Amino acid sequence: MLPIAMVVGVFCHGVIDKVAFLAPYLIFIMLLITFSRIDLRGLRVTRLSWLLLAMQTIGAIAMWLALYPVNPTLAQGAFICIFCPTATAAPVITGMLGGSVQRLVTFSLISNVVVAVTAPILFTMIGEGDVSFVGSVITIAAKVFPLILAPLAVAVVMQRTVPALHRVLSQSQSLTFYIWAVSLIIVVGRAVSFMLAEPPSYIPVMIGLAAVSLVVCCVQFLIGRIIGRRCGDRIAGAQGLGQKNTVLAIWMALTWLTPVASVAPAAYVAWQNIINSLQIYFKMRRNG
């Protein structure tokens with residue numbers, strides 16, 4: 001279903017803008033259903049979170065330093081694909097794959113906090129935009145935290161006030177898969193529209209950025225899985241490091257970096273969802 005959703009997004013990208021406003025609401029519903037099954041007492045920072053965070057920040061800087069002498073635009077594209085925080089929908093896929101949603105939610109919160117605070121500093125050094133530090137922190141926080149904290153708060157309130165409805169949601173985890181498929185149509189469609197809007201003269205650079213984002217995506221899923229295995233949860237590790245908030249990444253690239261560098265996170269949309277589709281397919285196949 002997920003590959004079909006991606007194909008629909010590609011061919012229907014011209015009309016996606018008319019329904020793009022639904023994306024935050026779909027993510028909210030997905031997270032609400034997912035969060036209804038977690039125990040807040042399980043949200044604690046572990047070694048897994050610190051190791052993933054180190055890879056997210058130090059790895060991004062190291063990749064930028066390695067690629068900058070080759071091509072500054074490619075370096076910026078690789079940087080943003082690594083530095084970008086974990087996707088808000090990552091707990092949904094983690095739950096589908098049987099990983100620890102608590103661990104992923106914990107890292108997602110930490111990942112977004114660190115990006116909100118450090119992004120203005122790092123982009124001042126490597127970027128080209130001119131945005132104030134305080135304004136940047138507030139803007140990033142406003143784009144990310146309501147989408148993460150609001151469904152978590154609603155799930156907690158429902159558990160205490162309407163436990164019957166909360167129980168129904170906790171037993172309806174399969175719905176998140178279908179909601180995610182619809183969300184994927186919107187995300188892919190917007191990414192395709194964005195890439196097609198770039199001038200034809202940028203095609204060689206765009207191909208290079210797409211190739212770099214593919215390598216970065218595969219490496220992050222692999223390293224995250226290795227770290228997760230050592231910390232007792234390879235699924236949470238892989239999704240925490242590999243599944244990125246690409247919408248935020250595109251916005252940050254357009255705000256602080258060379259605009260065409262935003263093609264890298266736009267292409268990352270396809271790569272990470274192909275990997276997610278394969279993971280879900282093989283898991284369903286193993287489970288019969």
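At what angle do helix α5 and helix α7 pack, and how far apart are their axes? Select residues 72–83 (α5) and 101–126 (α7): the angle is about 170 degrees and the axes lie 12 Å apart. Axes here are lines fitted to C-alpha atoms over the stretch in contact, with angles from 0 to 180 degrees between N-to-C directions. The two helices are therefore roughly antiparallel (angles over 145 degrees).

Before you click on, this is a predicted model, where local features need pLDDT of at least 70 and side-chain atom pairs pLDDT 80 or more, while totals for chains, interfaces and linings use all residues. Residues are numbered from 1 along each chain, and side-chain values use heavy atoms, without hydrogens or water.

Still on this pair, show the side chains of Gln76, Phe79, Ile80 and Phe83 in α5; they meet α7 residues including Val115, Leu122 and Ile126 (contact means heavy atoms within 4.5 Å).

Next, select α11 (203–230) and α14 (263–286). They pack at about 45 degrees with axes 8 Å apart, which makes α11 oblique to α14. Among the α11 residues in this contact is Phe221, and among those of α14 are Gln272 and Asn276.

Last stop: Gln243, in the loop between α12 (234–242) and α13 (246–256). Is Gln243 buried or exposed? At 0% relative accessibility, Gln243 is buried (under 20% relative accessible area, 1.4 Å probe, protein chains only).

Methods: Helix = DSSP H or I, 4+ residues; strand = E, 2+ residues; numbered from the N terminus. Buried < 20%, exposed > 50% of the residue type's maximum accessible area, 1.4 Å probe, protein only. Parallel < 35°, antiparallel > 145°, perpendicular 65-115°, else oblique.
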